[in-house]
Structures are given as C-alpha cells and as structure tokens.
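We will go from one selection to the next.

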Amino acid sequence: MLYIDDLDRCPPKVVVQVLEAIHLLLALPVFVVVVGVDSRWLKKAVEQHYEEMLGDDPETFAENYLEKIFQVPFTLSPMDDPAFAGLVRGLADTEVQDVSPSPTPAEPDQATGDRSPVAADSPPRAEAPRPSSEQSTIDLRPPRLVISTAELDFLPTLAPLVRSPRAAKRLLNLYRLLRARFAGEDLAEFLSEGDREAPFRAVLVLLAIHVGHPEAVSWFANLDGTGPEDSALEIVRSMNDHELRPKLERGLTGGSWPDLAVSYQRWLPVVNRFSFARDD
C-alpha cells in the first residue's frame, strides 16, 4: 500500500506527474494507492496543465481525467463541535495513565486451600541504566505543560471558530508555547480558575480566531483603546464580518468567554506574534 499526502501543496506540473505515476502503479495488481488530497487542487492543477486541451468544459475534462485514475473517491465529513471537543481533549490531556499490569493473584493450593507463595526464582531483569545527575534534575512534565481541568472544559467552547483537525492541533501547539512562559504564582494568576475574565480564556479565544479566521484583523484593531468597562460583545456587534460575528456573539453570550474587552486587549501584543496575518 502506498500512501500519498500533501499533493495539494505541489505545483500543477508535479501534481500531474504524480498522478501519471499513480496510474502506472495501479496497472500492477500488487499496488493499492491511497491519496489524501483536496480534490479542488487536483482539478485546478489538471485544468492548468492541460489548458490547451480543455475545450469548452474544463471542469468536466478534469473530472473525467481524475475518474480514470481514482476508482474510489471518498470525502471525509467536516469536523463538527463534538469531534472538535474530543480531538482537543485528547491532544490537551497530558496526564499519563498507569498502564503497568497488576500482579496476578496466587492460585490457592487445591489440597490445603492455602495460597502458594509468589515464585521468587524468576530470572532477574536487566537493570536500566541509571540517569546521570544532569538527567535526573530535568522534569519532563513540568506543571506549565500540564493542561488543567478548567482549560479542558473551556476548549470545547471554541469549536465554532476551528473547523479542521490541522487548525485544532495548531491552536493547542500555539497555546502551549504561550502558556509555557508562566510558572508558580504567574501560572496560577494566568489560570485564575473560576474567574470568567481569567487570562487563559481570553488567550484561547484570540488564538482560536487567529487560527480559524486569520483574516479577521479588524476585530483586533477595534479592541485598541477600549476602556476597562467596555463590553467585547458590543464591539463584536459592530463587525461587518457576517461569518465570524455570529460565532463570536454565540461565544460571548455563552457565559464562559471573558466579557470585558480589556481582557482581550491585554493579550493582543503577545497573541499577535503567533499569526501570519498580524495587525501591525
């Protein structure tokens, strides 16, 4: 089985060359080829490469071309809210479960009913090499990398803003990078569990917007110069983005997102550094 990914990151010429190679491989009975790709990119690549041969219906030409190569096209379902919640919980939950097998209870002696002692003559296991003094002082799971229960419970509220698994992974990676700067009292203040205006909530909302709607820099610009009592919901309602605005209104009226605009404004300079479409 041959798996091909990221073909929709290649120029049209390379896309067509790979498709031609796949077509040759499929002529051999020993090959099964699985391609994970955005079909729109494949169609555009075929149309551009064979521009002189398209005729009056380029889209039909591209579809017929691809149908001769791919026998079973299959479209994955979009990531809905429950799927996002399950994905981010799995990615963010860093607690390691104890998977060591429990000792097998000794079997009772059939004659006396007494339990036989555990066999002590089993061959000794080879001892693992002792870590050096430098290695023993490194905490591989410091508290700043362990996502708390409050954060795990808040993450699913961001589902409307993040619609792909890749974006969900990016959100968690960026959040961990930003969160890792805090420790001790600073980390406790950042989490402020039980507080709706907790910094971690504002940071996650801003990062989710950056990841899911990187073009929505206008909302961030509107946060500059806001007063300490200004409502973020009022600023959102003045947006002209008819796709993003309902999502933000839904989150801000849900009771868990920070309500004050100043809560977001405080973290704009930091969060802005993690975006390609940043507001200068």
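The tour below goes through selections in turn, with a note on what is there.

Before you click, two ground rules. This is a predicted model, in which local features need pLDDT of at least 70 and side-chain atom pairs count only at pLDDT 80 or more, while totals for chains, interfaces and linings use all residues. Residues are numbered from 1 along each chain as its sequence is written, and side-chain values use heavy atoms, with hydrogens and water left out.

**Stop 1: α3**

Select residues 58-67, helix α3, and show A62, Y65 and L66, its buried residues. (Helices here are DSSP runs of H or I with at least four residues, numbered from the N terminus; buried means under 20% relative accessible area, exposed over 50% and partly exposed in between, with a 1.4 Å probe and protein chains only.) Now look down the axis of α3: the buried residues lie within an arc of 95 degrees, so they line one face of the helix. That arc is taken from the directions from the helix axis to the C-beta atoms. Contact means heavy atoms within 4.5 Å.

**Stop 2: Q48**

Stay on α2 and pick Q48, which is found in this helix. Is Q48 buried or exposed? Its relative accessibility is 54%, so Q48 counts as exposed. Then select P12: its C-alpha atom is 6.9 Å from that of Q48, although the two residues are 36 apart along the chain.

**Stop 3: α4 against α7**

Next, select α4 (residues 81-92) together with α7; their axes come within 10 Å and cross at roughly 40 degrees. Axes are lines fitted to C-alpha atoms, for helices over the stretch in contact, and angles run from 0 to 180 degrees between N-to-C directions. The pair is therefore oblique; under 35 degrees counts as roughly parallel, over 145 as roughly antiparallel, 65 to 115 as roughly perpendicular and the rest as oblique. On the α4 side, show F84, L87, V88, L91 and A92; on the α7 side, P165, A168, K169, L171, L172 and R176.

**Stop 4: α7 against α9**

Finish with the side chains in contact, including L171, L174 and Y175 of α7 and F200, V203 and L204 of α9.

Definitions and conventions:
Helix = DSSP H or I, 4+ residues; strand = E, 2+ residues; numbered from the N terminus.
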